[in-house]
Amino acid sequence: DAARDATRDAIPVPDATPDATPDATKDSMSSDAPGIFDGHCVCEGGPCPPIVVASGQAGPELIVTDTNGVYWTTNGTLAPTSGTVVAATFDGKVTPLALAQSNPRGIALASGNLAWAQASLGAIELCALPACKSPLTITMSTPGLGLLALDSTMIYFEALSAIDTCSISGCGGSPMKVAPLAGQGGIAVDGTSVYWADQSAGTIQSCPIAGCFAPTQLTKGESSPTGLVVGSGHLYWTDTAGEIRACSVANCNTDKMSLVAAGIYTPLHLAVDGASVYWTDMGGRIAKVAVSGGSPVNLESSEPSPGGIAVGASCVFWTDSPTGADAGDIRATEK
């Protein structure tokens, strides 16, 4: 109904079990929301549980979103090729896009293309949405595949000891090496550059997407940086102490700041939009903080086992993978 889409004033809702940081005003969609999830998260006042976008998922991990839906990988069961890539479109349909995947890990989305890594095979697959018919194998037999970043023409990815790149039209078994990498800490791309964190070296580096002979070291001396994301000209990451940090891509060494102090959270994965940085927390929380800093806010505080996270127009989406072969959920709450 029309009232469902109206934005209401804030009404504080405390945790069931109080913690150091209060929950956000509203938690998810209203009780009179339609049976088909349409991609909008607006709560009409009072506490609302998170929306379950999809259930019965076997080990869901990372997740991405666009205006049409959310897309995620699952690890599957103990069988070696039981992983999947799945879509939940905002017309209420949950559709497997790729079956019999071998440990699908990284996933990325850009310009109507979806890409993911089959880590056990060293292969990267790419397909055009929404049908995702006949995925193209971009590269294969690349050991140690990790996370991916994708733009309209190229895919960038963490390999065993390097940041590599391929055209989205494929490069067979010969990806181009961008830079050496000692420890995978996340990779991101914007309209000008690709960025990556090296956990082992404690650095964040970049290269122009047009190519470079040597990467630029944006910052050093970080404590195992990981979870790297980019948005609105800034980089965001976390470290071993649970601190969430930020800097501008133009002057990262000189304008670093701490958005969330160490010791409050244990962040797993990060997402960002123009207003806030969002993360999943090992303590079962979904939280956010303004991109300029301030007090963090818990959007949810009692999730069983949150993992990957993505942010859309009005929702934050995350994967939840508690113990059990098919017990995983894809969930959403108002951002």
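Figure 1. At 17% relative accessibility, Phe90 is classed as buried (under 20% relative accessible area; exposed is over 50% and partly exposed lies in between, with a 1.4 Å probe and protein chains only). The rings of Phe90 and Phe317 are stacked, with centres 6.1 Å apart and planes at 15°. Rings of Phe, Tyr and Trp (its six-membered ring) pair if their centres lie within 6.5 Å; planes under 30 degrees apart are stacked, over 60 edge-to-face and the rest tilted. This pair links distant parts of the chain, 227 residues apart: Phe90 lies in the loop between S4 and S5, and Phe317 in strand S27 (residues 315–320). Phe317 is buried, with a relative accessible area of 1%. Strands are DSSP runs (E, at least two residues), numbered from the N terminus.

**Figure 2. The edge-to-face pair of Phe37 and Phe90.** The structure holds four aromatic pairs. In the pair of Phe37 and Phe90, the centres are 5.8 Å apart and the planes stand at 85°. Phe37 belongs to the segment before strand S1 (51–57), 53 residues from Phe90. Phe37 is buried, at a relative accessible area of 11%. Ring pairs join Phe37, Phe90 and Phe317 into a cluster.

**Figure 3. The hairpin of strands S18 and S19.** Five of the six residues of strand S18 (residues 226–231) are buried. S18 runs antiparallel to strand S19 (residues 234–238), and four bridges join them; two strands pair if DSSP finds at least two bridges between them. Gly231 has His234 of S19 as its bridge partner. Two residues lie between the strands of the hairpin, where Ser232 takes a positive phi near 50°.

**Figure 4. The largest pocket and its lining.** The largest pocket has a volume of about 1,000 Å³. On a 1 Å grid over the protein atoms alone, a pocket is an open set of points where a 1.4 Å probe fits, with protein on both sides within 12 Å along at least five of seven lines; lining residues have an atom within 4 Å of a point. A volume is the space filled by probe spheres set on the points, which are joined across faces, edges and corners. Of the 34 lining residues, Val64, Ile187, Leu228, Val229 and Leu270 lie nearest the centre of the pocket. Strand S14 gives the largest share of the lining, six residues.

**Notes.** Residues are numbered from 1 along each chain as its sequence is written. Local features of this predicted model need pLDDT of at least 70 and side-chain atom pairs count only at pLDDT 80 or more, while totals for chains, interfaces and linings use all residues; side-chain values use heavy atoms, leaving out hydrogens and water.
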